[in-house]
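Subject: Structure for your review

Dear colleague,

Please find the structure below, handed over for your review. My notes on it come directly after.

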Amino acid sequence: MERLECHVKEYAWGKLGRESEVARLFAAGHKNFKLGCTTPYAELWMGTHPDGPARLQTCSTKLSSHIAKSQSASYLSNNNVKENIHLPFIMKIMSIRTTLSLQVHPTKEQAAILHARDPLHYPDRNHKPELAYALTRFELLCGFRPANEILQNLEEFPSLCSLLGEKHCLKLKTAILALEKCQKLDKDSSQHKKSRIALATCFRHMMDMARDYPEKVEDLTENLMTSLDDGVRGCLQEETVAVIRKMSVDFPGDVGIFSPLLLNHMILEPGECCYYAAEELHAYLSGECVECVGCSNNTIRAAMTPKFIDRDALCEVLNYRMTSPEEYLVPPRRLEQFPSVEEYSPDGCKDFQLHKITVTLENCEEAVLPVLECASIMVLVKGCGTVEEECFASSSASCNELSSIEDKARGVSRGDIIYIPPGRRLRFSKCLQNIEAYRTFSYEIGPDHDSRIVVVPSPEPASERPQFEVADSESGIFEVESEMDGFL
Ligand SMILES: [Zn+2]
């Protein structure tokens, strides 16, 4: 195992100074870190992505090149001659003060098309599934509400109908009512398809209004706020009304203020976890979480951002599925032989899995972690103790590597971030203070960033859609289109 130095991202939506768990945790693990009182500390990145690559604490080597040079390379790549081998995930800690943009991520197929069409805004060909594990109360908007809730909001908020287009709304209402009469239909029935098409038409109208008639949209947001002040609620809970009010202050006149009327408002309590793959419209609202994401930067934005909004791509990519928020929750699974580990493994997700590790003074003797035949990264968010490392690899090559490590037992404490090569067994041999840690892993092969082409805008754009030049990836110009929400 190797201790890592990682990156903090200072995006404007992050919590400020010591308010931010990202800052506090980073300070705990990086003794020389000087915390700024008014600096927004948004994300701590733990992975090999070129926009925030982890380095080994002992020698400052990038983790990606350490992996490429180590015996572990054979586990993680089909090709050992690479200079960098990347992990397929980024694990993050996030501290959110203000709403992030309303957005969606494409599937792999959609991403390839978008990349070919517009490499500036879609620098990767990969998809970007996302998982959020709530460290504190954590709020987000995720996926379209169940049809009956959307219907209720259409009926009670005339401003919403004006925004979606009166005649389109009528069709959507008819489709939803027909759907309600035949509840037992499967999701691929023609009635479901009709309702999704009707919703897509409404949503397209909403996006067109935002582009062509921003003043009208501004008026409609004012009408919406008046309705809420008058006590109209539709299907909304008071917490959701509070979110809309906050959005109207943070993004006055923005079409995104209507999004909580159409999308599920999820409030995760600490310890709850949700996951969504491509095609789901979502926005993080507030709180702190451990996030696992696929190694991609393709984000298509709809609203609440000064950055590039691609309405056409957005409308193409959304799945317009109307479903309950429970469908996004990921329940923990206890691992029978490892009482200190809970696994969060979303259905159909190969890009990452998450282990929550809890070690107490009482269960320390049983605190053995499973041997994974893949690389993983672990972060301690609470406590301190000692970890011992043993080689359990099926490959003797990886074991030889370990035999050269003299010190197999290490003190660990809050803020430590550790790379665990494949085939290693970790055991917490001492627990001085109850430990809580998160470990992300994946059996997939990571993307090839060495051949990634980053396109940067020319200094003086000639038009609204500027001309671009291609920069090679070694020139270090990665700040343009990376984790794209970061520039808010
Ligand atoms: Zn996202």
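This is a predicted model: local features need pLDDT of at least 70, side-chain atom pairs count only at pLDDT 80 or more; totals for chains, interfaces and linings use all residues.

Residues are numbered from 1 along each chain as its sequence is written, and side-chain values use heavy atoms, with hydrogens and water left out.

Metal site. The zinc ion has as protein donors Gln103 (OE1), His105 (NE2), Glu130 (OE), Glu130 (OE) and His282 (NE2), at 2.1 to 2.7 Å. Donors here are N, O and S atoms within 2.8 Å of the metal (3.2 Å for Na, K and Ca); water is not among the atoms, so sites may look incomplete. Along the sequence, the donor residues follow the spacing Q-x1-H-x24-E-x151-H. His105, in the loop between β8 (102–104) and α4 (108–117), and Glu130, in strand β9 (residues 130–134), link distant parts of the chain, 25 residues apart. Helices (H or I, at least four residues) and strands (E, at least two) are DSSP runs, numbered from the N terminus. Both His105 and Glu130 are buried, where buried means under 20% relative accessible area, exposed over 50% and partly exposed in between (1.4 Å probe, protein chains only).

Strand β18. Of the 16 residues of strand β18 (residues 376–391), 12 are buried, so the strand is largely enclosed by the rest of the structure. Two strands pair if DSSP finds at least two bridges between them. β18 pairs in the antiparallel sense with strand β21 (residues 424–441) over 14 bridges, and there Thr386 has Lys430 as its bridge partner. Strand β19 (residues 409–413) is also an antiparallel partner of β18, over 5 bridges, with Val387 opposite Arg410.

Salt bridges. The count comes to 25 salt bridges, each being a side-chain nitrogen of Lys or Arg within 4 Å of a carboxyl oxygen of Asp or Glu. One of them joins Lys92 and Glu291 (3.9 Å, N to O). Lys92 lies in strand β7 (residues 89–96) and Glu291 in strand β13 (residues 282–294), so this pair ties together parts that are 199 residues apart in sequence. Lys92 and Glu291 are both buried. Another salt bridge joins Arg211 to Asp212, with the closest N and O atoms 2.9 Å apart. Through shared partners, salt bridges join Arg204, Asp208, Arg211, Asp212 and Asp312 into one network.

Yours sincerely
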